[in-house]
Amino acid sequence: MLKTFYYSLLINTHYTFNSFLYILRKLPIFKDLITEDAYHSNFIKSIGTIFGTIIKVCKLLLFRCFYFYIIFLLSNILSDNEFSFYHIFLIFSIIGIFVHNTLLNPSLKKYLSIIIFKMDAKNYLKYNLFIVTITNFLLNIFCFYIFKLDMIVGMLLTFCQVFFRIIGEGMDIWYYRKYKKFWYTNTILYYGIIIPLFSCCLLPFFGIIINSTIITISLLIGTVLAIFSYRYINHIEDYKLIYKKINKLETILSNNNETRNSIIDVKNKDISIHDNRISKKAGYDYFNSIFFERHKSILLRSATFLSATLLVIYVFLICLCLNNENISVKVSDFLSNRLGWFVLIMYFLNRGSIVTQAMFYNCDHAMLKYNFYRESKVIVGLFKKRLLTVVKVNLLPALIIGIGNFILCSITMHNNFINSISMLLFILILSIFFSLHYLVIYYLFQPYDKDMKVKKISYSIISIATYYISFQFSKLVLTSLILSVFGLIFCLLYIVISLYLVKKIAPKTFKIN
Amino acid sequence: MKLIVEGLNKKYDDKEVLKNVNFSFESGKIYGLIGRNGAGKTTFFNCINEDVDVDSGKVYLEDEMRKRLITTNDIGYVISTPVVPEFLTGREFLKFYLDINDKNQKKSLEEYFSIVQIDKKDQDKLLRDYSHGMKNKMQLLINIISNPKVILLDEPLTSLDIVVQEEMKNLLKELKKDHIIIFSTHILEIALDLCDEIIILNNKNLEKIERENVNSKKYKDKIINMLKEEKC
């Protein structure tokens, strides 16, 4: 047991050091200073490991702070009550039982440790569980302190989250052993659990907030279930077999795991296409049509699902506004003064990044190897065809939001027709803008490598900047009329400029990294 | 028709891969480019195909009329790991390619498939489900259709079974009449069996080896010794 712990730690240390040195040697200043001999030097190894670990810890802290920040943001929008933060934190921790398990996820480290180095699989799993638990605990305590939250409640919630994680890992293992697949591949089960749980996060908006008693009860239940879960994890002996099945070399090397497949892989049911949809088409039109027909699951179905969810939310909100004067006033206030929030909402709802991932992984990754595909007129022509299709895909959820807002506006802000119409227009403009934006930055920066990892820093910076600017809009207090006029002008300008840039720059930048 | 490489240099950071390469390739021949793993065979192809920027040097195409710089339209590049759009079926990919490249459509889809011997039942399968050899055949087929003057083949036979290897070899022998074919491999037997000329990429440069009795041990040893002499 201790030996496995020791060797796992050793592999992690070497991994940290080598990755750190590799990245360092890519930087212009260090490229000449650090030679390959550095891999042999014990002194540099120690320094590198320390730096690598510091960077890793900073990264973890940053992500956890971001997680806390998002909860803060959400709780502030939903309610003024300070306990709304703890409410959302607890619900997120429960959601974590279902979505955040790591012990069985395929990874190169697991493949190397268990298959190549032949480590004891069960001990390796327990080591990882230990590391995950400790890291989770320390990060949460740190953030509760930094965010100046109640440390006692924070401690209770941290224990809750840690125990919930153990329950989740146990459930994951149980499901995999029983059904030979991960539970999240069952879409109905997945959404059937996740959506109601996410809806519970909205309860503070309606004044329903958990208190310290519920947190304590959750902790008690969590403790008991975590003990059972750990006993189950400890009882199982066939981890080596499970890891062997999950961590196949080709899966690891191509990063072709089930999670990604479920996002961007062509589904078997989409293989057959009605002849009348493509029979009259030729060349790139034919090519593009087949691409979108075969990716219906990724594009239309997810957009339809999103639209259905939005429809339910809006019907619910409309009913509430019709029956409750208080909520009607709050909604009216939100729509009148905080319309900028919809920039951020549309940013999150847009399917653009998934579409570009599918384009790259299933199409451009292969086609860019062919010289004819890299010609300027082909790139621009295909860009225009794709833009139209992506706009169409995103239009349905945008229409639901636009019409939903229009109705809410009509109900809560009586006789304000211009405001309602401009709001609808504003949402549609945003949808077109984000559809275009994702496609443009994909063509101008083509950030992915063959493993679908983002390799361009410039792309990451633009993505962060897009989020930041979208977020800044949430602070603006402007009428929908001004916003929609401004949005329309901006969007038109953006289309013209981006088409020009795609024509001029994309033939040079749109290539395999 | 000739492919002329003049003063080609390529470095990756400090590592010099190609150093002042000067060589001339002629049509009607298959050139076997031999080199050890990591010698720079793929880099040489990538430089010709403009997939990477060269540090210096030029690549020309010369026929009876004139000598001009080569363009990517002159080149068909078959890479070792075949990449095809996996969301299309073999038939769809071929139809699409014919739409954009062969306006006259001299042959039917079936005729094209028969060139590379892909069965009817496989033609409507997704390319995702094609074997490595079948993907390779598709890649070669579309390079045949676009009829480039130069065909670069980067270790295309290495991982194919012997039946597909033979089919591909025969196909290349048929193609060589009107094309300049450069075929890279690190398997000496394949090169000796298929190629009209043997070139070694050694010490960052190309070196032609006169063909002697290709089956003799002495000849093979000579090539292996040359490859062993690689200066670090």
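This is a predicted model: local features need pLDDT of at least 70, side-chain atom pairs count only at pLDDT 80 or more; totals for chains, interfaces and linings use all residues.
A: A helix here is a DSSP run of at least four residues, marked H or I, and helices are numbered from the N terminus.

Q: Thanks! What does the secondary structure of chain A come to?

A: Chain A has 22 helices and zero strands. Of its 513 residues, 31% are buried. Among its contacts with a separation of 6 or more, 82% are between residues 24 or more positions apart.

Q: Back to A:Leu439: why does A:Leu439 count as buried?

A: The idea is to count neighbours, and a residue is buried if 20 or more other C-beta atoms lie within 10 Å of its own. A:Leu439 has 22 C-beta neighbours inside 10 Å, so A:Leu439 counts as buried.

Q: Which residues is A:Leu439 in contact with, leaving aside its neighbours within four places in sequence?

A: They are A:Gly352, A:Thr356, A:Phe383, A:Arg386, A:Leu387 and A:Val390. Take A:Phe383 as an example: A:Phe383 and A:Leu439 are 56 residues apart in sequence, yet 7.9 Å apart in space from C-alpha to C-alpha.

Q: How do I read a nonpolar core, and which residues touch the most other members of the largest one?

A: Think of buried nonpolar residues joined to one another. The largest such core has 119 residues, and A:Ile427 and B:Leu152 touch the most other members. Helix H20 (residues 417-445) of chain A gives the most to this core, with 19 residues. Not counting residues up to four places away in sequence, A:Ile427 touches A:Phe342, A:Met346, A:Ala398, A:Ile401, A:Gly402 and A:Asn405. Another core, of 25 residues, lies apart from the largest one, and A:Leu90, A:Ile166, A:Cys201 and A:Ile209 are among its members.

Q: Could we look at one helix? Which residues of H14(A) are buried?

A: In general, an α-helix has 3.6 residues a turn, so residues three or four places apart point the same way. Helix H14 (residues 283-294) of chain A has 12 residues and reaches 17 Å from first C-alpha to last, close to the 16 Å expected. Its buried residues are A:Phe287, A:Asn288, A:Ile290, A:Phe291, A:Phe292 and A:Arg294. Their cover includes helices H13, H15, H18 and H19 of chain A together with helix H2 (90-101) of chain B.

Q: How do I read a sheet, and what order do the strands of the open sheet in chain B have?

A: Follow the strands in order of pairing. In this four-stranded open sheet the order is S2-S1-S4-S5, with antiparallel pairing. Strand S2 (15-26) and strand S5 (67-69) are the edges, each pairing on one side only. The twist averages 25° from one strand to the next. Helix H1 (residues 41-48) of chain B packs on the sheet, touching S1, S2 and S4, and its direction makes about 65° with that of S2(B). Three bridges join S4(B) to S5(B), and B:Leu61 has B:Arg68 as its bridge partner in S5(B).

Q: Last one: where is B:Gln117 found, and what is its phi near?

A: Most residues other than glycine have a negative phi. B:Gln117 has a positive value, near 55°, and is found in the loop between helices H3 and H4 of chain B. With 14 C-beta neighbours inside 10 Å, B:Gln117 counts as partly exposed.

Note on methods: Residues are numbered from 1 along each chain as its sequence is written. Chains are lettered from A and ligands numbered from 1 in the order in which they are written. Helices (H or I, at least four residues) and strands (E, at least two) are DSSP runs, numbered from the N terminus. The expected span of a helix is 1.5 Å times one less than its number of residues. A residue is buried if 20 or more other C-beta atoms lie within 10 Å of its own, exposed if 12 or fewer, and partly exposed in between; C-beta atoms are placed from the backbone. Two residues are in contact if their C-beta atoms, placed from the backbone, lie within 7 Å. A nonpolar core is a set of buried Ala, Val, Leu, Ile, Met, Phe, Trp, Tyr and Cys residues joined through C-beta atoms within 7 Å. Two strands pair if DSSP finds at least two bridges between them. Axes are lines fitted to C-alpha atoms, for helices over the stretch in contact, and angles run from 0 to 180 degrees between N-to-C directions.
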